[in-house]
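This report describes how the parts of one protein model are arranged. Please view the sequence and the structure together while reading.

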Amino acid sequence: MKPLNVEICDVTLRDGEQTPGVSFTCEEKQDIAQRLSDIGIDIIEAGFPSVSEYEKRSVRSIVEMDLPSDICCLSRCVQSDIDAAIDCGVDLVSLFFATSDLHLRIKYKKTREEMLDLALGMLDYALDHGIKVRFSAEDASRTDTAFLKEMYAKGADRGASYSSYADTVGCMTPLSMYETVRVLSTWLKNPLCVHCHNDMGFASANTFTAAQAGAFQLHTTVNGIGERCGNASLEEVLVALRMQGGVDRYDLSALQTLSRTVETYSGIKIAKTKPVVGEHAFCHESGIHIAALIQDRNTYEYYPPEMVGAEQKFILGKHTGRKGLEYILTTLGYNPVPGEVDVILERIKSISETKQSITHDVLLSVISETRQETELKKTSGSDKARTG
Ligand SMILES: CC(=O)SCCNC(=O)CCNC(=O)[C@H](O)C(C)(C)COP(=O)(O)OP(=O)(O)OC[C@H]1O[C@@H](n2cnc3c(N)ncnc32)[C@H](O)[C@@H]1OP(=O)(O)O
Ligand SMILES: O=C(O)CCC(=O)C(=O)O
(Lines give C-alpha, C1' and ligand atoms only; values in the text may rest on other atoms or scores of the structure.)
(Ligands and ions follow the chains in the order given, each with its own letter.)
Protein backbone atom coordinates (compact mmCIF):
# COMPACT_ATOMS: atom_id res chain seq x y z
CA MET A 1 0.00 0.00 0.00
CA LYS A 2 1.38 3.43 -0.92
CA PRO A 3 1.42 5.36 2.39
CA LEU A 4 -0.87 8.36 2.62
CA ASN A 5 1.10 11.58 2.46
CA VAL A 6 0.20 13.19 5.79
CA GLU A 7 1.52 14.90 8.88
CA ILE A 8 -0.10 15.25 12.29
CA CYS A 9 -0.59 18.53 14.12
CA ASP A 10 -1.73 17.58 17.59
CA VAL A 11 -3.82 20.31 19.23
CA THR A 12 -4.34 18.74 22.68
CA LEU A 13 -2.54 21.62 24.38
CA ARG A 14 -4.76 24.22 22.69
CA ASP A 15 -8.15 22.90 21.52
CA GLY A 16 -7.91 19.99 23.96
CA GLU A 17 -7.43 22.47 26.76
CA GLN A 18 -10.60 24.28 25.63
CA THR A 19 -12.55 21.33 27.05
CA PRO A 20 -14.74 22.94 29.71
CA GLY A 21 -12.98 22.82 33.08
CA VAL A 22 -9.58 21.79 31.74
CA SER A 23 -6.44 23.78 32.47
CA PHE A 24 -2.99 22.23 32.12
CA THR A 25 -0.09 23.50 34.20
CA CYS A 26 3.05 24.50 32.35
CA GLU A 27 4.78 21.31 33.57
CA GLU A 28 1.86 19.17 32.42
CA LYS A 29 1.99 20.81 29.00
CA GLN A 30 5.71 20.14 28.79
CA ASP A 31 5.23 16.51 29.76
CA ILE A 32 2.50 16.01 27.14
CA ALA A 33 4.60 17.80 24.50
CA GLN A 34 7.59 15.55 25.25
CA ARG A 35 5.41 12.43 24.92
CA LEU A 36 3.85 13.64 21.65
CA SER A 37 7.29 14.34 20.29
CA ASP A 38 8.54 10.89 21.37
CA ILE A 39 5.74 9.32 19.33
CA GLY A 40 6.93 11.29 16.32
CA ILE A 41 4.13 13.86 16.08
CA ASP A 42 5.17 16.37 13.44
CA ILE A 43 3.65 19.56 14.87
CA ILE A 44 2.52 20.34 18.41
CA GLU A 45 0.06 23.18 18.85
CA ALA A 46 1.27 24.35 22.24
CA GLY A 47 -1.45 26.88 23.07
CA PHE A 48 -2.99 30.27 22.43
CA PRO A 49 -0.55 32.81 23.92
CA SER A 50 -3.10 35.67 24.09
CA VAL A 51 -5.17 33.75 26.63
CA SER A 52 -2.94 34.83 29.54
CA GLU A 53 0.63 35.57 30.58
CA TYR A 54 0.90 32.07 32.06
CA GLU A 55 -0.28 30.53 28.79
CA LYS A 56 2.28 32.57 26.90
CA ARG A 57 5.06 31.41 29.26
CA SER A 58 3.91 27.81 28.81
CA VAL A 59 4.04 28.06 25.01
CA ARG A 60 7.47 29.66 25.19
CA SER A 61 8.72 26.97 27.57
CA ILE A 62 7.67 24.28 25.07
CA VAL A 63 9.53 26.10 22.30
CA GLU A 64 12.57 26.14 24.61
CA MET A 65 12.43 22.35 24.99
CA ASP A 66 13.84 22.26 21.45
CA LEU A 67 11.89 19.14 20.51
CA PRO A 68 12.20 17.55 17.07
CA SER A 69 8.50 18.44 16.48
CA ASP A 70 7.64 21.88 15.15
CA ILE A 71 5.77 24.07 17.62
CA CYS A 72 2.68 25.99 16.62
CA CYS A 73 0.24 28.32 18.37
CA LEU A 74 -3.11 29.91 17.65
CA SER A 75 -3.67 33.56 16.80
CA ARG A 76 -6.67 35.66 15.90
CA CYS A 77 -6.30 38.19 13.11
CA VAL A 78 -5.21 40.67 15.73
CA GLN A 79 -1.74 42.21 15.81
CA SER A 80 -1.20 41.67 19.53
CA ASP A 81 -1.96 37.93 19.10
CA ILE A 82 0.65 37.67 16.35
CA ASP A 83 3.15 39.64 18.44
CA ALA A 84 2.58 37.18 21.30
CA ALA A 85 3.22 34.26 18.93
CA ILE A 86 6.40 35.91 17.67
CA ASP A 87 7.54 36.52 21.28
CA CYS A 88 7.08 32.83 22.02
CA GLY A 89 9.36 31.88 19.13
CA VAL A 90 6.99 29.31 17.61
CA ASP A 91 7.76 27.76 14.21
CA LEU A 92 4.23 28.19 12.91
CA VAL A 93 1.22 30.32 13.74
CA SER A 94 -2.34 29.29 12.97
CA LEU A 95 -3.88 32.60 11.91
CA PHE A 96 -7.60 32.03 11.89
CA PHE A 97 -10.84 33.79 11.21
CA ALA A 98 -14.36 32.51 10.84
CA THR A 99 -15.43 32.53 7.19
CA SER A 100 -19.12 31.55 7.32
CA ASP A 101 -21.64 34.34 6.79
CA LEU A 102 -23.22 33.47 10.14
CA HIS A 103 -19.99 33.97 12.08
CA LEU A 104 -18.95 37.03 10.05
CA ARG A 105 -22.27 38.71 10.82
CA ILE A 106 -22.63 37.69 14.46
CA LYS A 107 -19.05 37.83 15.71
CA TYR A 108 -17.25 40.42 13.61
CA LYS A 109 -20.13 42.43 12.15
CA LYS A 110 -18.07 42.63 8.99
CA THR A 111 -18.57 41.69 5.35
CA ARG A 112 -16.58 38.85 3.79
CA GLU A 113 -14.35 41.35 1.99
CA GLU A 114 -13.70 43.47 5.10
CA MET A 115 -12.67 40.46 7.17
CA LEU A 116 -10.57 38.92 4.40
CA ASP A 117 -8.71 42.23 3.91
CA LEU A 118 -8.06 42.42 7.64
CA ALA A 119 -6.83 38.81 7.73
CA LEU A 120 -4.57 39.28 4.71
CA GLY A 121 -3.05 42.34 6.38
CA MET A 122 -2.33 40.23 9.47
CA LEU A 123 -0.94 37.46 7.27
CA ASP A 124 1.49 39.94 5.71
CA TYR A 125 2.41 41.21 9.18
CA ALA A 126 3.21 37.70 10.44
CA LEU A 127 5.19 36.79 7.32
CA ASP A 128 7.13 40.06 7.52
CA HIS A 129 8.19 38.96 11.01
CA GLY A 130 9.59 35.71 9.63
CA ILE A 131 6.98 33.37 11.05
CA LYS A 132 5.35 30.58 9.02
CA VAL A 133 1.58 30.84 8.76
CA ARG A 134 -1.27 28.37 8.53
CA PHE A 135 -4.13 30.42 7.11
CA SER A 136 -7.15 28.92 8.83
CA ALA A 137 -10.83 29.12 8.10
CA GLU A 138 -12.91 28.62 11.21
CA ASP A 139 -16.40 27.26 10.42
CA ALA A 140 -15.12 26.44 6.92
CA SER A 141 -17.64 23.62 6.60
CA ARG A 142 -20.51 26.16 6.65
CA THR A 143 -18.76 28.60 4.35
CA ASP A 144 -19.57 29.43 0.75
CA THR A 145 -17.03 27.48 -1.31
CA ALA A 146 -16.27 30.38 -3.65
CA PHE A 147 -15.31 32.58 -0.69
CA LEU A 148 -13.26 29.81 0.87
CA LYS A 149 -11.34 29.35 -2.38
CA GLU A 150 -10.79 33.11 -2.62
CA MET A 151 -9.41 33.19 0.92
CA TYR A 152 -7.13 30.19 0.40
CA ALA A 153 -5.90 31.41 -3.00
CA LYS A 154 -5.09 34.89 -1.72
CA GLY A 155 -3.42 33.43 1.40
CA ALA A 156 -1.28 31.04 -0.64
CA ASP A 157 -0.31 33.81 -3.09
CA ARG A 158 0.91 35.96 -0.17
CA GLY A 159 2.99 33.08 1.22
CA ALA A 160 0.86 31.12 3.72
CA SER A 161 2.44 27.69 4.17
CA TYR A 162 -0.88 25.91 4.60
CA SER A 163 -4.61 26.45 4.09
CA SER A 164 -6.73 25.06 6.89
CA TYR A 165 -10.31 23.79 6.85
CA ALA A 166 -12.07 23.58 10.21
CA ASP A 167 -15.29 21.64 10.66
CA THR A 168 -15.86 23.76 13.74
CA VAL A 169 -19.32 22.48 14.65
CA GLY A 170 -18.78 18.90 13.43
CA CYS A 171 -21.43 19.05 10.71
CA MET A 172 -19.54 17.03 8.09
CA THR A 173 -19.93 13.34 7.28
CA PRO A 174 -17.20 11.15 5.78
CA LEU A 175 -18.80 11.40 2.33
CA SER A 176 -19.18 15.20 2.34
CA MET A 177 -15.66 15.47 3.74
CA TYR A 178 -14.24 13.30 0.98
CA GLU A 179 -15.93 15.31 -1.76
CA THR A 180 -15.00 18.70 -0.29
CA VAL A 181 -11.38 17.85 0.43
CA ARG A 182 -10.93 16.21 -2.96
CA VAL A 183 -12.03 19.45 -4.68
CA LEU A 184 -10.00 21.75 -2.42
CA SER A 185 -6.79 19.75 -2.24
CA THR A 186 -6.53 19.23 -6.01
CA TRP A 187 -7.19 22.92 -6.56
CA LEU A 188 -5.03 24.45 -3.82
CA LYS A 189 -1.49 25.72 -4.28
CA ASN A 190 -0.42 24.89 -0.73
CA PRO A 191 -1.13 21.84 1.50
CA LEU A 192 -4.56 21.51 3.08
CA CYS A 193 -5.07 20.97 6.82
CA VAL A 194 -8.23 19.57 8.38
CA HIS A 195 -9.51 20.23 11.88
CA CYS A 196 -12.56 18.12 12.74
CA HIS A 197 -14.94 18.33 15.68
CA ASN A 198 -17.00 15.43 16.92
CA ASP A 199 -20.57 16.67 17.30
CA MET A 200 -21.99 13.75 15.30
CA GLY A 201 -19.24 11.31 16.31
CA PHE A 202 -17.47 11.55 12.92
CA ALA A 203 -14.36 13.55 13.82
CA SER A 204 -11.83 10.72 13.46
CA ALA A 205 -13.64 9.21 10.46
CA ASN A 206 -13.79 12.61 8.76
CA THR A 207 -10.11 13.21 9.46
CA PHE A 208 -9.02 9.88 8.05
CA THR A 209 -11.32 10.26 5.04
CA ALA A 210 -9.88 13.73 4.46
CA ALA A 211 -6.41 12.17 4.37
CA GLN A 212 -7.60 9.67 1.77
CA ALA A 213 -9.03 12.56 -0.23
CA GLY A 214 -5.75 14.49 -0.24
CA ALA A 215 -5.54 16.51 3.01
CA PHE A 216 -1.96 16.74 4.26
CA GLN A 217 -2.07 18.05 7.83
CA LEU A 218 -4.44 16.28 10.23
CA HIS A 219 -5.43 17.84 13.55
CA THR A 220 -5.97 15.57 16.55
CA THR A 221 -6.20 15.61 20.32
CA VAL A 222 -5.23 12.87 22.76
CA ASN A 223 -8.35 10.95 23.85
CA GLY A 224 -10.31 13.20 21.49
CA ILE A 225 -10.76 15.88 24.16
CA GLY A 226 -11.78 19.37 23.09
CA GLU A 227 -14.69 21.78 22.79
CA ARG A 228 -18.14 20.17 23.35
CA CYS A 229 -17.84 16.59 22.00
CA GLY A 230 -14.15 17.00 21.29
CA ASN A 231 -11.86 16.64 18.30
CA ALA A 232 -10.54 13.80 16.17
CA SER A 233 -8.77 11.45 18.50
CA LEU A 234 -5.01 11.06 18.03
CA GLU A 235 -5.01 7.37 18.84
CA GLU A 236 -7.89 6.56 16.47
CA VAL A 237 -6.38 8.54 13.60
CA LEU A 238 -2.91 7.04 14.11
CA VAL A 239 -4.25 3.48 14.16
CA ALA A 240 -6.36 4.14 11.05
CA LEU A 241 -3.30 5.59 9.33
CA ARG A 242 -1.28 2.49 10.28
CA MET A 243 -3.93 -0.10 9.42
CA GLN A 244 -5.61 1.49 6.40
CA GLY A 245 -3.24 4.24 5.29
CA GLY A 246 0.12 2.46 5.21
CA VAL A 247 1.68 5.06 7.54
CA ASP A 248 4.07 3.35 9.95
CA ARG A 249 6.41 6.09 11.11
CA TYR A 250 4.66 6.89 14.42
CA ASP A 251 5.49 4.92 17.57
CA LEU A 252 2.06 3.70 18.62
CA SER A 253 3.34 1.69 21.57
CA ALA A 254 3.39 4.81 23.76
CA LEU A 255 -0.29 5.58 23.19
CA GLN A 256 -1.58 3.97 26.40
CA THR A 257 0.73 5.93 28.67
CA LEU A 258 0.11 9.15 26.78
CA SER A 259 -3.62 8.61 27.01
CA ARG A 260 -3.54 7.91 30.79
CA THR A 261 -1.33 10.95 31.31
CA VAL A 262 -3.81 13.21 29.54
CA GLU A 263 -6.70 11.56 31.38
CA THR A 264 -5.02 12.41 34.70
CA TYR A 265 -3.98 15.94 33.79
CA SER A 266 -7.32 16.83 32.18
CA GLY A 267 -9.58 15.00 34.61
CA ILE A 268 -11.59 13.82 31.58
CA LYS A 269 -12.28 10.11 32.02
CA ILE A 270 -11.76 7.83 29.06
CA ALA A 271 -14.83 5.75 28.17
CA LYS A 272 -14.21 2.03 28.66
CA THR A 273 -15.28 1.38 25.08
CA LYS A 274 -13.03 4.08 23.57
CA PRO A 275 -11.13 2.64 20.60
CA VAL A 276 -7.42 1.96 21.12
CA VAL A 277 -7.11 3.27 24.70
CA GLY A 278 -10.36 2.35 26.46
CA GLU A 279 -10.16 -0.25 29.23
CA HIS A 280 -12.22 -2.65 27.12
CA ALA A 281 -10.44 -2.13 23.81
CA PHE A 282 -8.76 -5.56 24.07
CA CYS A 283 -10.91 -7.14 26.76
CA HIS A 284 -13.09 -10.19 26.01
CA GLU A 285 -15.81 -11.98 27.96
CA SER A 286 -17.93 -13.75 25.33
CA GLY A 287 -17.37 -17.49 25.28
CA ILE A 288 -17.59 -17.79 21.50
CA HIS A 289 -14.98 -15.07 21.05
CA ILE A 290 -12.54 -16.43 23.63
CA ALA A 291 -12.85 -19.97 22.22
CA ALA A 292 -11.71 -18.56 18.87
CA LEU A 293 -9.16 -16.07 20.24
CA ILE A 294 -7.20 -18.75 22.08
CA GLN A 295 -6.62 -20.39 18.71
CA ASP A 296 -6.02 -17.27 16.64
CA ARG A 297 -6.10 -13.69 17.96
CA ASN A 298 -7.02 -12.31 14.55
CA THR A 299 -10.52 -13.70 14.94
CA TYR A 300 -11.63 -10.88 17.24
CA GLU A 301 -8.76 -8.37 17.34
CA TYR A 302 -8.29 -6.26 14.25
CA TYR A 303 -4.82 -5.15 15.35
CA PRO A 304 -2.61 -6.54 18.12
CA PRO A 305 -2.92 -4.76 21.47
CA GLU A 306 0.89 -4.72 21.76
CA MET A 307 1.02 -2.47 18.69
CA VAL A 308 -0.55 0.29 20.79
CA GLY A 309 1.13 -0.62 24.09
CA ALA A 310 -1.85 -2.52 25.47
CA GLU A 311 -2.50 -6.15 26.36
CA GLN A 312 -5.24 -8.67 25.81
CA LYS A 313 -7.48 -9.46 28.80
CA PHE A 314 -10.08 -12.17 29.34
CA ILE A 315 -12.89 -11.42 31.78
CA LEU A 316 -15.17 -13.94 33.43
CA GLY A 317 -18.91 -13.32 33.63
CA LYS A 318 -22.35 -14.21 32.43
CA HIS A 319 -21.12 -14.73 28.86
CA THR A 320 -18.20 -17.02 29.65
CA GLY A 321 -18.05 -20.38 27.85
CA ARG A 322 -16.48 -23.68 28.85
CA LYS A 323 -13.39 -23.40 26.64
CA GLY A 324 -12.58 -19.92 27.86
CA LEU A 325 -12.98 -20.95 31.48
CA GLU A 326 -10.81 -24.03 31.00
CA TYR A 327 -8.16 -21.87 29.39
CA ILE A 328 -8.22 -19.33 32.24
CA LEU A 329 -8.11 -22.04 34.92
CA THR A 330 -5.19 -23.75 33.22
CA THR A 331 -3.34 -20.44 32.81
CA LEU A 332 -3.79 -19.87 36.55
CA GLY A 333 -2.28 -23.30 37.26
CA TYR A 334 -5.50 -25.20 38.06
CA ASN A 335 -6.10 -28.46 36.26
CA PRO A 336 -9.82 -28.95 36.61
CA VAL A 337 -11.02 -32.49 37.16
CA PRO A 338 -13.90 -33.74 34.96
CA GLY A 339 -17.16 -32.06 35.86
CA GLU A 340 -15.50 -29.27 37.82
CA VAL A 341 -15.55 -26.75 34.96
CA ASP A 342 -19.30 -27.09 34.54
CA VAL A 343 -19.91 -26.39 38.23
CA ILE A 344 -17.56 -23.40 38.30
CA LEU A 345 -19.10 -22.08 35.09
CA GLU A 346 -22.61 -22.27 36.45
CA ARG A 347 -21.56 -20.48 39.64
CA ILE A 348 -19.76 -17.74 37.74
CA LYS A 349 -22.80 -17.11 35.58
CA SER A 350 -25.17 -16.90 38.53
CA ILE A 351 -22.84 -14.61 40.54
CA SER A 352 -22.48 -12.40 37.49
CA GLU A 353 -26.24 -12.25 37.10
CA THR A 354 -26.42 -10.60 40.51
CA LYS A 355 -24.25 -7.83 38.96
CA GLN A 356 -21.16 -8.87 40.91
CA SER A 357 -17.86 -8.81 39.04
CA ILE A 358 -15.88 -12.01 38.85
CA THR A 359 -12.63 -10.69 40.24
CA HIS A 360 -9.60 -12.88 40.82
CA ASP A 361 -10.62 -13.29 44.48
CA VAL A 362 -14.19 -14.25 43.57
CA LEU A 363 -12.85 -16.83 41.13
CA LEU A 364 -10.51 -18.27 43.77
CA SER A 365 -13.33 -18.61 46.26
CA VAL A 366 -15.57 -20.27 43.62
CA ILE A 367 -12.75 -22.70 42.81
CA SER A 368 -12.07 -23.49 46.45
CA GLU A 369 -15.80 -23.93 47.22
CA THR A 370 -16.17 -26.25 44.24
CA ARG A 371 -13.07 -28.23 45.23
CA GLN A 372 -14.25 -28.61 48.83
CA GLU A 373 -17.58 -29.93 47.59
CA THR A 374 -15.84 -32.35 45.22
CA GLU A 375 -13.66 -33.56 48.13
CA LEU A 376 -16.73 -33.92 50.37
CA LYS A 377 -18.53 -35.90 47.68
CA LYS A 378 -15.45 -38.11 47.28
CA THR A 379 -15.21 -38.69 51.04
CA SER A 380 -18.92 -39.39 51.48
CA GLY A 381 -18.73 -41.61 48.39
CA SER A 382 -15.92 -43.69 49.90
CA ASP A 383 -17.70 -43.72 53.34
CA LYS A 384 -20.82 -45.04 51.60
CA ALA A 385 -18.69 -47.62 49.81
CA ARG A 386 -17.20 -48.72 53.16
CA THR A 387 -20.52 -48.78 55.01
CA GLY A 388 -22.55 -50.04 52.06
C1 LIG B 1 -12.94 27.66 17.05
C2 LIG B 1 -11.92 27.94 18.10
O3 LIG B 1 -11.60 27.08 18.82
S4 LIG B 1 -11.27 29.50 18.17
C5 LIG B 1 -10.42 29.56 19.69
C6 LIG B 1 -11.36 29.71 20.82
N7 LIG B 1 -10.60 29.74 22.04
C8 LIG B 1 -10.84 30.60 23.02
O9 LIG B 1 -11.68 31.48 22.93
C10 LIG B 1 -10.09 30.35 24.27
C11 LIG B 1 -9.28 31.53 24.73
N12 LIG B 1 -10.00 32.80 24.75
C13 LIG B 1 -9.74 33.74 25.64
O14 LIG B 1 -8.99 33.60 26.60
C15 LIG B 1 -10.36 35.09 25.39
O16 LIG B 1 -11.58 34.88 24.68
C17 LIG B 1 -9.40 35.97 24.52
C18 LIG B 1 -8.20 36.35 25.39
C19 LIG B 1 -8.92 35.30 23.25
C20 LIG B 1 -10.12 37.24 24.10
O21 LIG B 1 -10.72 37.79 25.21
P22 LIG B 1 -11.51 39.18 25.17
O23 LIG B 1 -10.63 40.23 24.62
O24 LIG B 1 -12.06 39.38 26.52
O25 LIG B 1 -12.66 38.98 24.05
P26 LIG B 1 -13.95 38.05 24.10
O27 LIG B 1 -13.56 36.66 24.37
O28 LIG B 1 -14.99 38.65 24.99
O29 LIG B 1 -14.49 38.22 22.61
C30 LIG B 1 -13.77 37.74 21.53
C31 LIG B 1 -13.25 38.86 20.68
O32 LIG B 1 -12.33 38.30 19.74
C33 LIG B 1 -12.77 38.64 18.43
N34 LIG B 1 -12.34 37.58 17.55
C35 LIG B 1 -12.69 36.27 17.64
N36 LIG B 1 -12.05 35.60 16.68
C37 LIG B 1 -11.30 36.48 16.00
C38 LIG B 1 -10.44 36.36 14.90
N39 LIG B 1 -10.21 35.16 14.37
N40 LIG B 1 -9.82 37.44 14.44
C41 LIG B 1 -10.05 38.64 15.00
N42 LIG B 1 -10.86 38.81 16.06
C43 LIG B 1 -11.49 37.74 16.54
C44 LIG B 1 -14.26 38.74 18.57
O45 LIG B 1 -14.84 39.41 17.48
C46 LIG B 1 -14.35 39.53 19.86
O47 LIG B 1 -13.97 40.84 19.58
P48 LIG B 1 -14.62 42.12 20.34
O49 LIG B 1 -14.14 42.01 21.76
O50 LIG B 1 -14.06 43.26 19.60
O51 LIG B 1 -16.09 41.93 20.20
O1 LIG C 1 -7.96 26.01 12.33
C2 LIG C 1 -7.49 26.26 13.42
O3 LIG C 1 -6.26 26.33 13.60
C4 LIG C 1 -8.38 26.50 14.59
C5 LIG C 1 -9.81 26.28 14.29
C6 LIG C 1 -10.55 25.67 15.40
O7 LIG C 1 -10.06 25.40 16.47
C8 LIG C 1 -11.95 25.34 15.16
O9 LIG C 1 -12.55 25.89 14.24
O10 LIG C 1 -12.49 24.51 15.92
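## Helices, barrel and ligand shell

In this predicted model, helices H8 and H9 cross in a right-handed sense. Their axes come within 9 Å, at a crossing angle of roughly 40 degrees. Two packed helices are described by the angle between their axes and by the distance between those axes. On the H8 side, the contact is made by Ser204, Thr207 and Phe208, which meet Glu236, Val237 and Ala240 of H9. By class, these contact residues comprise 3 nonpolar, 2 polar and 1 charged.

The strands form a barrel: 8 of them close in the order S1-S2-S3-S4-S5-S6-S7-S8, with parallel pairing. From one strand to the next, the twist averages 25 degrees. Strands of a sheet pair through backbone hydrogen bonds, either parallel or antiparallel. Between S4 and S5, which run parallel, there are 7 bridges; Val93 has Val133 in S5 as its bridge partner.

| Helix | Residues | Strands | Angle |
|---|---|---|---|
| H1 | 26-39 | S1 (7-10) and S2 (43-47) | about 170 degrees with S2 |
| H3 | 79-88 | S3 (70-76) and S4 | about 165 degrees to S3 |

Which residues surround ligand 2? They are Asp15, Leu74, Ser94, Phe96, Ser136, Glu138, Ser164, Ala166, Thr168, His195 and His197. Strands S4 (92-98), S5 (132-138) and S6 (162-167) are the elements that each give two or more residues to this shell. The shell around ligand 2 has 3 nonpolar, 6 polar and 2 charged residues.

Key: Residues are numbered from 1 along each chain as its sequence is written. Chains are lettered from A and ligands numbered from 1 in the order in which they are written. This is a predicted model: local features need pLDDT of at least 70, side-chain atom pairs count only at pLDDT 80 or more; totals for chains, interfaces and linings use all residues. Axes are lines fitted to C-alpha atoms, for helices over the stretch in contact, and angles run from 0 to 180 degrees between N-to-C directions. Helices (H or I, at least four residues) and strands (E, at least two) are DSSP runs, numbered from the N terminus. A crossing is left-handed if the near helix is turned anticlockwise from the far one by less than a right angle, and right-handed if clockwise. Two residues are in contact if their C-beta atoms, placed from the backbone, lie within 7 Å. Ala, Val, Leu, Ile, Met, Phe, Trp, Tyr, Cys and Pro count as nonpolar, Asp, Glu, Lys and Arg as charged, and the others, Gly among them, as polar. A residue is near a molecule or strand if its C-beta atom, placed from the backbone, lies within 6 Å of it. Two strands pair if DSSP finds at least two bridges between them.
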